[in-house]
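Visitor: I have a model open and would like to go through its architecture with you. Could we begin once it is on the screen?

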Amino acid sequence: MSLEPLARLDLSIAERIEALRTIEEEVRVCQNCSLAQGRTLAVPGFGNFESVVMFVGEGPGFEEDRQGRPFVGRSGQFLTEMLSKVGVQREDVFITNVVKCRPPNNRDPLPEELAACGDFLTRQIALINPRIIVTLGRFSMTRWFPGASITKIHGQVKNIGRGRVALAMFHPAAALRNPPWAADFERDLQQLPRLIERAKRANEAAQRGEALLPGTPHPGDPDYVEPPQDGDASDLAQSRLL
Ligand code: URA
C-alpha cells in the first residue's frame with residue numbers, strides 16, 4: 001500500500017489552483033512551529049501548478065526568506081543554470097521545500113519542524129499530482145528513500161507508487177561546495193528530460209481514459225522496457241497504457 005498521497009482527481013484544474021492558493025495563505029500565517037518567530041516571509045513554493053515535475057529542497061535560506069520564493073539565492077541560480085543545460089525551463093516546474101520557513105543560520109531542520117510542515121507538502125503533492133519528484137538533498141530524500149545515503153543513491157530513480165517516481169539528487173548548495181558533486185548533479189539531472197517525456201505520455205494516456213492498470217510499471221521506472229516502436233496493434237494498445 002503506497003503512502004503517497006492520492007491525487008485530487010475529483011477537483012477541476014481551477015479548483016486545484018484555488019486549493020493550492022489556500023495552502024499558500026495557510027503557510028504564510030502558519031504558527032505550527034517555532035520557525036515562525038524568526039521568519040521574514042514563509043516560502044510555500046513557486047512554479048507551474050500543472051507541472052509533471054516537483055522539486056523538493058530543504059528549507060528557505062537568507063534570500064528565500066526575504067523574497068518568499070524558493071531557490072532564489074546562489075543555490076537557486078545554480079539549479080536554474082543546470083535545468084537550462086538539460087533543456088528544462090525553471091518556469092515549467094514546481095519548486096518547494098520540506099520546511100517552509102528559514103531555520104536560524106541555515107541549520108538543519110529539526111524533526112518537529114519537518115513534522116509540523118509535512119502536511120503542507122502532502123497536500124501540495126495531492127493537488128499538483130507530479131509524476132516526478134526530484135529530491136534535493138538529504139532531508140527531502142529521506143521522505144522517499146528512508147535510511148538511504150545521498151552519496152550512494154544520488155541519480156537513482158525509484159517508483160514511489162501512485163504513478164510517481166522520485167529522483168534523488170544532491171542539494172545544489174552541496175554541489176556548489178564540492179565540484180565533483182556538481183558534475184554528478186548535472187549527470188543525474190540529465191535523466192529529467194526523458195522522465196518528463198514519459199510522464200507526459202502517461203498523462204496523455206490517462207486523459208484518453210487509458211488509466212495505468214494496477215501493477216503497470218510507471219514509464220519512469222529504471223527497469224521499464226520501452227515498447228516496440230513499430231509493433232503490431234496489440235503492441236500499440238499496450239504502449240498506450242505506459
Ligand atoms: N535551499 C533550499 O533547500 N531551499 C531553498 O529554497 C533555498 C535554498
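The conversation below goes through the sheet, a helix pair and some backbone angles.

Visitor: What does the secondary structure come to?
Guide: This is a predicted model. The secondary structure of the protein comes to 11 helices and six strands.

Visitor: How much of the protein is buried?
Guide: Of the 242 residues in the protein, 39% are buried.

Visitor: And what share of the contacts joins residues at least 24 apart?
Guide: Taking contacts between residues at least 6 apart in sequence, 71% join residues at least 24 apart.

Visitor: On to the sheet. What is the order of the strands?
Guide: The order is E1-E3-E2-E4-E6-E5, in an open sheet of six strands with mixed pairing. Strand E1 (46-47) and strand E5 (157-161) are the edge strands, each pairing on one side only.

Visitor: In which sense do E1 and E3 pair?
Guide: E1 pairs with strand E3 (residues 94-97) in the antiparallel sense, over two bridges. Phe46 has Ile95 as its bridge partner in E3.

Visitor: Now E6. Is that strand mostly covered or exposed?
Guide: Strand E6 (residues 164-169) is mostly covered, with six of its six residues buried. Arg164, Ala166 and Ala168 point one way from the strand, while Val165, Leu167 and Met169 point the other way, and all of them are buried.

Visitor: Which sense does E6 take with E4, parallel or antiparallel?
Guide: Parallel: strand E4 (residues 132-136) and E6 share five bridges in that sense. Thr135 is placed opposite Ala168 of E6.

Visitor: And with E5?
Guide: E5 and E6 pair in the antiparallel sense over four bridges. Here Val157 stands opposite Leu167 in E6. E5 and E6 form a hairpin with two residues between the strands, and in this hairpin Arg162 takes a positive phi near 55 degrees.

Visitor: Which other residues have a positive phi?
Guide: Phe71 and Asn105 are two to examine. Phi of Phe71 is near 50 degrees, a positive value in a residue other than glycine. Asn105 also is not a glycine, and its phi is positive at about 50 degrees.

Visitor: Where is Phe71 found?
Guide: Phe71 is in the loop between helix H3 (62-67) and helix H4 (74-85).

Visitor: Is Phe71 buried or exposed, and why?
Guide: Phe71 is buried, because 27 other C-beta atoms lie within 10 Å, and the cut-off for a buried residue is 20 or more.

Visitor: What about Asn105?
Guide: Asn105 is found in the loop between E3 and H5. Asn105 counts as exposed because it has 7 C-beta neighbours inside 10 Å, where 12 or fewer is the limit for that class.

Visitor: Let us change topic to the helices. How do the axes of H1 and H5 cross?
Guide: The axes of helix H1 (residues 13-28) and helix H5 (residues 111-128) come within 10 Å and cross at roughly 165 degrees. Angles over 145 degrees count as roughly antiparallel, and H1 and H5 are therefore roughly antiparallel to each other. The crossing of H1 past H5 is left-handed.

Visitor: Which residues meet there?
Guide: From H1 come Arg16, Ala19, Leu20, Ile23 and Val27, and they meet Phe120, Arg123, Gln124 and Leu127 of H5. By class, this contact of H1 with H5 has six nonpolar, one polar and two charged residues.

Terms used:
Residues numbered from 1 in each chain as written. Predicted model: local features only at pLDDT ≥ 70, side-chain atom pairs only at ≥ 80, totals over all residues. Pairing = 2+ DSSP bridges. Axes fitted to C-alpha atoms, helices over the stretch in contact; angles between N-to-C directions. Parallel < 35°, antiparallel > 145°, perpendicular 65-115°, else oblique. Left-handed = near helix turned anticlockwise from the far one by under 90°. Contact = placed C-beta atoms within 7 Å. Nonpolar A, V, L, I, M, F, W, Y, C, P; charged D, E, K, R; others polar.
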